[in-house]
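Please read this briefing alongside the sequence and the model.

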Amino acid sequence: MGVLNQSPPYNLFGLESDYKSARIAVLPVPYEGTVSYRPGTRYGPRAIIDASRNIELYSEELELDVSRAGIYTLEEMLPNVDSPEKMITDVKKETEVILNDGKIPLILGGEHSISVGSISALADRGKDFSVIHFDAHSDSRDVFMGSKYSHACVMKRVADMSVDYMSVGVRSIDEEGYKHKERILFRKEMHSIGDNGKIADLITKGTKDNVYLTFDFDVMDPSEMPSVGTPEPDGLLFYEICHILRTVLAQKNLIGLDFVELSPIPGFAAPDFVAAKLIYNIIGYAFSKK
Ligand SMILES: [Mn+2]
């Protein structure tokens, strides 16, 4: 006999899935060690998973069930409280396990610094790839608040690995970071282009065939995504992001991805659902082709 009031399993999208046959391995990383303003990103993975268990698996946009991509959620990682650098090393090791098992890592943050771990695991394999970085901030400082492994230094560390990258949606940058403006598609430029198809073409042409997506939720407009540690006005809207990434990812090989900096507001579920649905759509765009 079945169980009454059975709720979906506690994993991303509430799926019945097994690790062996999965194509995507979801790694929840509830870590915040270098947050500079409002705390709470440690609750991000849980909020995304909670919301994701309550969304429809069928995408009317793609006319298919996105979960068929094969998604398995791993146990959440324990935060390493020694230092951000050690946490990054732990994330790197976990990512290596996922890659060795032939799966695509999808990291749920947590603060942005953890991306350095997953990206360096891929860089160490000598894979030729670009990082597509959606963020309100350039994250290009060498050191922030005494640490090279701050969430504000992520793209500087990526550059140090000689990994190619392109930042999208930036509207907050320091003077030093602005020297690398050729790697950035600023929000103001996106406004003046004014055409999501053309913006997608710029991103497609500006990056290699293999891409890693690192997505900071503060790239979004605070009206749709208020649940971030450091909000910035004039952000991207859900439909813009979907239009742009659907076009870009149709032409790319996505080798890894992360979603970071969701800092849920207790009792305010809508932004958590925005985050979960966006992840769902992006998986659909990248992995539901043919
Ligand atoms: Mn940011």
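A residue counts as buried under 20% relative accessible area, as exposed over 50%, and as partly exposed in between, using a 1.4 Å probe and protein chains only. By that rule Asp139 is buried, because its relative accessibility is 8%. The model is predicted, so local features need pLDDT of at least 70 and side-chain atom pairs count only at pLDDT 80 or more, while totals for chains, interfaces and linings use all residues. Residues are numbered from 1 along each chain as its sequence is written, and side-chain values use heavy atoms, with hydrogens and water left out. Helices (H or I, at least four residues) and strands (E, at least two) are DSSP runs numbered from the N terminus.

**Manganese site**

- The manganese ion has protein donors from Asp135 (OD), His137 (ND1), Asp216 (OD), Asp218 (OD) and Asp218 (OD), at 2.2 to 2.7 Å.
- Donors are N, O and S atoms within 2.8 Å of the metal (3.2 Å for Na, K and Ca); water is not among the atoms, so sites may look incomplete.
- The spacing of the donor residues along the sequence is D-x1-H-x78-D-x1-D.
- Distant parts of the chain are linked here: His137 is in the loop between strand S6 (130-134) and helix H4 (154-160), and Asp216 is in strand S9 (residues 210-216), 79 residues apart.
- His137 counts as buried because its relative accessibility is 13%, and Asp216 counts as buried because its value is 2%.

**Helices H1 and H9**

- Two packed helices are described by the angle between their axes and the distance between the axes.
- For helix H1 (residues 44-52) and helix H9 (residues 270-287), the axes come within 8 Å and cross at roughly 75°.
- H1 is therefore roughly perpendicular to H9.
- Axes are lines fitted to C-alpha atoms, for helices over the stretch in contact, with angles from 0 to 180 degrees between N-to-C directions.
- Angles under 35 degrees count as roughly parallel, over 145 as roughly antiparallel, 65 to 115 as roughly perpendicular and the rest as oblique.
- From H1, Ala47, Ile48, Ala51 and Ser52 meet Asp272, Phe273, Ala275, Ala276 and Ile279 of H9, where contact means heavy atoms within 4.5 Å.
- H9 is mostly covered, with 15 of its 18 residues buried.

**Helix H8**

- Helix H8 (residues 238-249) has 12 residues and spans 16 Å from its first C-alpha to its last, close to the 16 Å expected at 1.5 Å a residue.
- The expected span is 1.5 Å times one less than the number of residues in the helix.
- Buried residues in H8 include Ile241, Cys242, Leu245 and Leu249.
- The partners of the buried H8 residues are S6, helix H6 (187-193), helix H7 (196-205), S9, strand S10 (253-260) and H9.

- Gly44 lies in H1 and counts as buried because its relative accessibility is 0%.
- Leaving aside neighbours within four places in sequence, Gly44 is in contact with Gly109, Leu262 and Pro264.
- Most residues other than glycine have a negative phi, and most peptide bonds are trans.
- Gly109 and Gly110 are joined by a cis peptide bond, with omega about 10°.
- Asp139 is not a glycine, yet has a positive phi of about 50°; Asp139 sits in the loop between S6 and H4.
- Glu63, also not a glycine, has a positive phi of about 55° and is in the loop between strand S2 (58-59) and strand S3 (64-65).
- Glu63 counts as exposed because its relative accessible area is 61%.
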